[in-house]
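Hi everyone, thanks for coming. Today I'd like to walk you through one structure, so please have a look at it while I talk.

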Amino acid sequence: MSNDNEKPLAARTAPGNRLRMTPGNRWHKALSSPAWLNLLYVPALLLFAVFILYPFIRGIRYSFTNWDGYSQTFKWIGMQNYQRMFTDPDVARVIKNTFIYGLGSAALQNVIGLGYALFLNMNLRLKALTRTIVYLPAIISPLIMGYIWYFFFQYNGGAINDIVLLFSDEPTNLLGNPRANVWVITLVNTYQFCGVAMVILLAGLQVIPKEYHEAATIDGAGTLARFRHVTWPLLAPAFTVSVVLNVIGGLKLFDVIAALTNSGPGYSSASLSTLMYLLYFGRQDAGYAATIGNLMFVIISVVSFAILFFLKRREESLT
Amino acid sequence: MNKRPWWREALALLICVLHVLPFYVLMTTSFKAPSDLSSKWVMPGYLYLDNFANAWREAELANSFLNNVIVTAGAGLLLVAVGSIASYPLARYRTRLNRAVYGIFVSAMIVPPLSILVPLYRVMVDIGAMNRLWGIILLHVTFALPITIFLYTGFIRSIPMELEEAALIDGAGRFKLFYLILMPLLKPITATVIIVTCVNIWNDYQFSVFFLQRKEVHTITIALSGFFSQYNNYIGWVAAGSFLGAIPITAVYLLLQRYFIQGLSSGAVKG
């Protein structure tokens with residue numbers, strides 16, 4: 001009889017050798033094997049393949065054609081769409097707008113959100129009510145929010161012009177002014193979603209142990225010093241989440257623009273998403289629209305990942 | 001008696017008033033008769049509901065509300081079913097393959113769905129999903145899967161393995177284990193998932209405007225945007241339509257706001 005110990009280690013510990021397999025046992029084994037369990041994410045992967053991956057690849061193909069969006073035929077035109085894109089002054093303008101929407105609203109939302117969060121973290125009777133009201137716009141459709149603000153910015157009889165006309169004879173046309181409209185939309189987006197930053201940062205503030213503040217106070221730290229050395233570094237993880245969420249949301253902005261200016265006048269307030277929409281459905285310029293889509297994909301992914309990476313590094317350096 | 005300084009309460013009140021202003025103007029505008037040319041800041045001193053009746057009829061809001069409910073409920077259910085089971089192996093068996101799959105799912109959170117609009121439109125036409133509620137449901141599910149899988153996977157990882165091991169030793173199959181042991185434990189995160197994703201699905205405009213073009217399948221936002229461009233001069237109608245469109249989700253939020261705020265904050269602090 002050979003000693004079991006003489007067998008190579010692998011054979012002794014191989015899964016099959018550990019249990020004597022009865023048919024029922026084998027069935028159970030198969031069911032509990034991790035490889036079989038991987039089937040559970042197949043439906044999700046299938047959806048991904050059909051609605052994200054496959055269209056994505058097809059979109060790259062379309063960007064090299066002059067497809068009009070409905071014909072069965074199209075011509076391959078090589079890099080022409082890309083050449084056109086990089087020399088198109090409208091596109092340059094729209095990229096700039098997209099960055100203002102993304103970075104501008106994220107900055108404003110987080111500054112305001114942080115202020116509100118610090119304020120609401122105090123002992124306050126109206127705390128719950130304030131939180132409810134500030135967060136309320138975030139759950140309403142951005143399209144409807146755009147219409148609500150339209151009643152303010154309307155040229156004829158808008159709520160803002162009612163006030164302006166008390167002081168001057170000239171009504172303002174903020175939405176029609178190509179230099180102002182992008183910022184007006186950014187402000188509307190900020191109003192709508194600063195509650196998100198507030199809620200996230202407030203949650204971050206509430207997990208900071210009170211002892212830290214007490215210890216700092218005993219060491220003679222004033223309010224400002226406590227904020228700089230206790231609150232700010234410990235708020236870093238919540239800050240990361242809040243900034244990244246807001247940047248992504250702002251870079252993808254679509255509904256509010258559609259509601260307030262429909263990208264106009266001209267393309268002066270368009271974002272990459274609304275520009276693509278107009279090129280595709282307004283001008284049947286599908287090949288070029290697909291090219292803009294690819295640009296949008298690259299810009300948003302790169303910017304979002306870069307900001308995430310930067311903020312994660314910052315979190316580490318602060319702790 | 002009261003140690004809290006009064007200026008804080010005053011400041012809180014000021015913030016509330018500022019943030020409520022848009023809703024105030026929405027109200028004055030939607031309750032005002034077309035013949036009343038007073039400022040939008042002035043509340044009408046009479047009760048006038050024709051704007052609401054007209055908006056409800058002209059924008060065919062009844063039908064759009066129904067479609068919204070079908071799309072949101074369908075997508076929410078499917079999302080929870082597909083997302084929760086997909087997260088289980090990803091959370092429990094962190095092989096190299098599964099880590100890669102998880103990475104693919106989660107990094108898709110950053111990808112802007114609209115960037116693939118042109119080819120996606122083509123795909124929807126090809127599979128006969130244009131102007132079909134099931135088509136938009138599948139789209140919503142797909143684009144909400146990344147956040148769903150992210151939330152479920154993180155949550156399942158935080159559940160101790162011992163529970164499942166004990167159940168396995170007692171002879172429970174994986175299926176039983178998932179539905180009898182794990183599913184009940186997943187209730188709180190399921191609530192978060194539903195709130196986070198369904199608000200966006202309910203409010204969606206950017207997909208629905210492309211894929212639900214026929215009137216029978218219009219959702220609220222699509223109905224309103226059509227209504228807005230058609231009746232731009234009847235600002236009272238548009239205001240009443242927007243008002244009606246915002247009511248259902250506002251009501252749900254006010255009733256369940258604790259969950260809304262908890263959901264967002266728990267996801268943020270852990271994530």
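How many salt bridges does the structure hold over all chains? The count is 7. Keep in mind that we are looking at a predicted model.

Let's zoom in on one pair. Side chains of opposite charge can pair when their charged atoms come close. Here, Arg58(A) and Asp126(B) form a salt bridge through their side chains, with 3.2 Å from N to O. This pair crosses between chains: Arg58(A) sits in helix H5 (residues 42-62) of chain A, and Asp126(B) sits in helix H5 (residues 117-126) of chain B. Between chain B and chain A, the count is 1 salt bridge.

Now for the rest of that interface. On the chain B side, 95 residues are in contact with 94 residues of chain A. The size of an interface is often given as the accessible area lost when the parts come together. For chain B and chain A, about 8400 Å² is buried between them, and 78% of it lies on carbon and sulfur atoms. Of the area that chain B buries against chain A, His19(B), Ile110(B) and Val118(B) supply 9%, more than any other three residues.

Finally, let's stay inside chain A. How do helix H7 (residues 89-120) and helix H11 (residues 181-206) of chain A cross, and at roughly what angle? Their axes come within 6 Å and cross at roughly 40°, which means H7(A) is oblique to H11(A). The crossing of H7(A) past H11(A) is right-handed. Sorted by class, the residues in this contact are 20 nonpolar, 9 polar and 1 charged.

Note on methods:
Residues numbered from 1 in each chain as written. Chains lettered and ligands numbered in written order. Predicted model: local features only at pLDDT ≥ 70, side-chain atom pairs only at ≥ 80, totals over all residues. Heavy atoms only, no water. Axes fitted to C-alpha atoms, helices over the stretch in contact; angles between N-to-C directions. Helix = DSSP H or I, 4+ residues; strand = E, 2+ residues; numbered from the N terminus. Parallel < 35°, antiparallel > 145°, perpendicular 65-115°, else oblique. Left-handed = near helix turned anticlockwise from the far one by under 90°. Nonpolar A, V, L, I, M, F, W, Y, C, P; charged D, E, K, R; others polar. Contact = heavy atoms within 4.5 Å. Buried area = accessible area lost by both parts, 1.4 Å probe. Salt bridge = Lys/Arg side-chain N within 4 Å of Asp/Glu carboxyl O.
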